[in-house]
Amino acid sequence: MTRTPIKNGTVVSPTGRHEVDVLIEGEKILALLERGKSESLNITADKVVDATGKYVVPGGIDVHTHMELPFGGTAAVDTFETGTIAAAWGGVTTIVDMALQRYGENVHEGLAEWHRKAGGNCAVDYAFHQIIGGVDEQSLKDMTYLVDHEGVTSFKLFMAYPGVFYSDDGQILRAMQTASENGSTIMMHAENGIAIDVLVQQHIARGETDPKYHSYSRPSLFEGEATNRAIVLSKVAGNVPLYIVHMSASEALNALAEARHEGLNVFGETCPQYLYMTLEDHLARPGFEGAKFVCSPPIRSKHDTHDHHGDLWKGLRMNELAVVSTDHCPFCYKDQKELGLGNFSKIPNGMGGVEHRMELIYQGVVLGELTLERWVETCCTTPARMFGMYPQKGVIAPGSDADILVWDPNKKTKIGINDKHHMNMDHSSWEGTVIDGKVDTVLSRGMIVIENDKYLGRKGHGKFIKRGLCQYLN
Ligand SMILES: [Zn+2]
């Protein structure tokens with residue numbers, strides 16, 4: 001088996017930093033060694049990674065991606081191949097993508113379709129959540145089968161998108177009751193879709209069709225209301241694990257914090273776009289450019305009564321928010337985002353970000369919003385524990401998969417279509433952003449996939465990861 005020591009770096013975990021070397025054998029981490037120990041033990045190395053002056057952290061885990069998702073008459077443009085290569089470039093060694101079942105479709109067929117798309121194509125490891133877009137007797141049974149046999153232990157429901165992915169409160173309650181029996185986690189897109197659709201029609205009727213009205217039609221109060229409603233339903237269903245995806249608003253965060261204070265099994269994630277972007281600076285750009293930033297929940301205004309950015313960063317520090325994901329759902333500007341020219345409600349919802357999460361959240365460390373340890377915790381370790389992949393993933397420890405990011409804090413990264421950009425989109429949502437740090441070397445199960453600004457990975461190296469249950473339950 002090949003042996004690869006990573007020498008002279010600072011290993012960072014959620015609980016601290018250690019000046020140790022990491023010895024990898026084959027696909028696994030064999031040992032953490034004191035400095036100089038690998039020399040005195042006379043360990044023969046096939047290859048040495050020099051991490052002098054760098055941080056050695058667990059490979060990033062992005063638990064919310066949508067490769068090849070059909071949406072709004074088109075489909076997300078990253079395939080599992082292009083999307084996982086971009087992930088590798090961003091220091092991400094595991095993605096958890098959302099397999100799709102829509103109303104009237106069969107859950108097993110939806111999952112099988114996702115295995116067909118991903119199988120043999122991925123550069124890094126992957127797992128699946130299952131979207132349940134049609135809750136009924138059959139899909140409830142199928143949920144339990146997936147938990148017991150398929151390593152799919154989390155189910156995403158939508159309180160938004162009536163007629164597409166939407167579940168009503170009764171369906172949500174039934175799915176939660178099923179989850180409380182089989183131990184799985186319910187993931188919720190929490191926005192009041194029925195009320196949003198009324199506002200959307202009213203804006204369009206008034207001729208307010210520009211991208212910025214996407215945000216005006218989805219007020220943060222509706223996210224707060226839906227988050228609270230989801231929490232109440234999960235409590236009635238027996239304190240079932242509830243994970244609120246892509247939180248963007250202070251009102252929603254307040255509902256989450258209250259539930260957590262009460263001791264409920266309620267967790268939250270946010271995404272970089274909600275920590276950095278604003279309605280004024282992004283969605284309201286001249287012409288149609290704001291379409292690039294149309295995602296749901298929407299980018300919020302900086303003139304709201306709440307300081308959403310400040311509150312979300314604080315939520316991450318305080319562990320009200322547990323995880324940062326991306327909701328990676330990339331659409332090109334040309335021909336895809338342009339479907340909504342003259343009608344914002346026809347703009348495909350989503351942004352590409354799988355490549356930049358580790359970078360953008362590290363910048364939060366530079367800005368003093370988070371500690372280095374918390375960066376690792378929210379982007380690497382907690383995602384693994386939240387979704388039943390720990391300690392195989394999310395930690396640098398003997399026996400764990402050798403998924404490792406070597407991060408150089410002394411270099412810079414410029415994001416942009418002509419700078420760093422490997423996603424399959426014709427634009428970057430983060431064009432011109434400069435990060436004080438850089439992805440240096442990335443290993444996926446012991447294989448170097450990024451080194452010296454080169455992709456060295458291989459299609460099909462990435463394996464499907466069967467997951468266990470959430471590891472945070474009260
Ligand atoms: Zn999503």
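Strands E18 and E21 run antiparallel and are joined by five bridges, strands being DSSP runs of E with at least two residues, numbered from the N terminus. The model is a predicted one, in which local features need pLDDT of at least 70 and side-chain atom pairs count only at pLDDT 80 or more, while totals for chains, interfaces and linings use all residues. Residues are numbered from 1 along each chain as its sequence is written.

**The sheet**

- The protein is divided into domain 1 (3-57 + 401-455) and domain 2 (60-386), with bounds that come from an automatic or database domain assignment.
- Taken over C-alpha atoms, the centres of domain 1 and domain 2 are separated by 28 Å.
- Contact, defined by C-beta atoms placed from the backbone that lie within 7 Å, involves 28 residues of domain 1 and 39 residues of domain 2.

**The side of domain 1 that touches domain 2**
- Strand E2 (10-13), strand E18 (404-408), strand E21 (438-444) and strand E22 (447-451) are the elements that give two or more residues to this side.
- E21 gives the most to this side, with three residues.

Conventions: Contact = placed C-beta atoms within 7 Å. Helix = DSSP H or I, 4+ residues; strand = E, 2+ residues; numbered from the N terminus. Pairing = 2+ DSSP bridges.
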